[in-house]
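Welcome! Here is a short tour for anyone meeting this protein for the first time. Please take a look at the model below before reading on.

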Amino acid sequence: MALTFGEAIGRLADRAAARRQSGAKRLRKLADPAAGPALLEALRRETGGPQAWETLYHLVMALGACDHRASVPYLYELARHPFKATMVHTAIGDALVRLDQDDDSTPILWCLNTGNDRLIDGAFRAMAILRMVPDDKTIGRILDFLTPRLSEDGLRFWPAVAAAGWQGQPVRAFLTTCAAGSREDVAEAAASSLTGKYKTYRHL
């Protein structure tokens, strides 16, 4: 039986990492803004304690899902933390884009400027899933970042998905290159986007 909201909140303070993780995952699925303060408190505890990476990941993703914008300053702080499990940075990049109050490209550009591929991948993922259409300058910055990388580079995947809603010859050139590449998921996403059709993808 699925955890209730209260049960999931209670698990955030459990001594067992697996139970803390299950609480965070359930709250992420519920996406109730009321969970935000408890999630942020749990994230602070987790980063100051044993740091079970799966729990950290789902706590951060739950904050994004619950639209807890008060967590943004702390997430920017954590973005600079050298986590051994790089998936935590992916979650942080994703959440920063989801929690942007101005619905613009600032978090995407910030992540790009860090040079941290995992943060960047998370930001790109949220950008694609939210079907964001950044301004031309931001799209140019993204393409400038990706163009020197190999056609099979995994960082091309989410921009290739997002670009279904983008316009311009540079975008088409990027998608054409990706579609001709050897990495199947990137090529498939790009081929779909060249037709202007978004594909739906699940993420962890």
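What share of the contacts between residues at least 6 apart in sequence join residues at least 24 apart? In this protein it is 66%, where contact means heavy atoms within 4.5 Å.

## About the model

This is a predicted model, in which local features need pLDDT of at least 70 and side-chain atom pairs count only at pLDDT 80 or more, while totals for chains, interfaces and linings use all residues. Residues are numbered from 1 along each chain as its sequence is written, and side-chain values use heavy atoms, with hydrogens and water left out.

## The whole protein

The protein has 12 helices and zero strands. Here helices (H or I, at least four residues) and strands (E, at least two) are DSSP runs, numbered from the N terminus.

The C-alpha trace spans about 50 × 35 × 30 Å along its principal axes. Its radius of gyration is 18 Å, which agrees with the value near 17 Å that a compact globule of 204 residues would have; the radius is taken over C-alpha atoms, and the globule rule is 2.2 Å times the number of residues to the power 0.38. Of the 204 residues, 47% are buried. Buried means under 20% relative accessible area, exposed over 50%, and partly exposed in between (1.4 Å probe, protein chains only).

The buried residues of H9 are Thr 138, Ile 139, Ile 142, Leu 143, Phe 145 and Leu 146. They line one face of the helix, because seen down its axis they fall within an arc of 160°, the arc being that of the directions from the helix axis to the C-beta atoms. These buried residues pack against helix H7 (106–114), H8, helix H10 (157–162) and helix H11 (169–179). On the other side of H9, Asp 136, Lys 137 and Asp 144 are exposed.

Thr 138 counts as buried because its relative accessibility is 2%. Leaving aside residues up to four places away in sequence, Thr 138 touches Ser 105 and Leu 109.

Most residues other than glycine have a negative phi. Asp 67 has a positive phi, near 55°, and sits in the loop between helix H4 (53–65) and helix H5 (72–79). Asp 67 is partly exposed, at 38% relative accessibility.

Arg 131 also has a positive phi, of about 55°. Arg 131 lies in the loop between helix H8 (117–129) and helix H9 (136–146), and is partly exposed, with a relative accessible area of 43%.
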